[in-house]
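Have a look at the sequence and the structure first.

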Amino acid sequence: MARTLINFRIDEELKSDLEEICEDMGMSLSTAFTIFAKKLARERKIPFEIDSDPFYSKKNMERLEKSIEQLEKTGGTVHNIKIDGVDL
């Protein structure tokens with residue numbers, strides 16, 4: 001089977017993290033991407049779940065901004081929380 005070279009850009013710190021993880025698993029980053037590519041080709045889908053963190057949704061970010069504005073205007077209210085008689 002002929003081999004080919006694929007080039008793409010990735011954040012330098014992310015690449016370093018990935019290389020370290022792959023090394024811990026006893027493989028190269030190239031091997032990890034080859035495993036990913038073979039599974040993608042075989043199953044014709046991304047081989048893991050992809051979703052977004054709802055915390056960063058547009059609706060939630062707007063709500064957080066509104067809450068921050070309100071807090072800055074009013075100074076907010078301090079609430080003490082107790083669990084089993086212990087202040088948190």
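What follows covers charge pairs, a charged patch and a pocket, all in a predicted model.

## Salt bridges

Searching the whole structure turns up two salt bridges. One to look at is the pairing of Lys15 with Glu19, where the closest N and O atoms sit 2.9 Å apart. Both Lys15 and Glu19 belong to helix α1, and they're four residues apart, about one turn of the helix. As a general point, side chains of opposite charge can pair when their charged atoms come close.

## A negative patch

Which residues form the negative surface patch? They are Asp11, Glu12, Glu13, Asp17, Glu20, Glu23 and Asp24. Glu20, one of these patch residues, is found in helix α1, which covers residues 12-24.

## The largest pocket

Now for the open space: the largest pocket holds about 640 Å³. It's lined by 15 residues, and the closest to the pocket's centre are Thr4, Ile6, Ser30, Phe33 and Thr34.

Which helix gives the most to that lining? That's helix α2, residues 29-43, which puts six residues into the lining of the largest pocket.

Key. Residues are numbered from 1 along each chain as its sequence is written. This is a predicted model: local features need pLDDT of at least 70, side-chain atom pairs count only at pLDDT 80 or more; totals for chains, interfaces and linings use all residues. Side-chain values use heavy atoms; hydrogens and water are left out. Patches are made of residues with over 30% relative accessible area and no salt bridge: like charges are joined within 9 Å, nonpolar side chains (Val, Leu, Ile, Met, Phe, Trp, Tyr) within 5 Å. Accessible areas come from the Shrake-Rupley method with a 1.4 Å probe; for residues, only the protein chains shown count as cover. A salt bridge is a side-chain nitrogen of Lys or Arg within 4 Å of a carboxyl oxygen of Asp or Glu. Lys and Arg count as positive and Asp and Glu as negative; His and the chain ends are not counted. The place of a charge is taken as NZ of Lys, CZ of Arg, CG of Asp or CD of Glu. Helices (H or I, at least four residues) and strands (E, at least two) are DSSP runs, numbered from the N terminus. On a 1 Å grid over the protein atoms alone, a cavity is a set of points where a 1.4 Å probe fits but cannot get out, and a pocket is an open set with protein on both sides within 12 Å along at least five of seven lines; lining residues have an atom within 4 Å of a point. Grid points are joined across faces, edges and corners, and a volume is the space filled by probe spheres set on the points.
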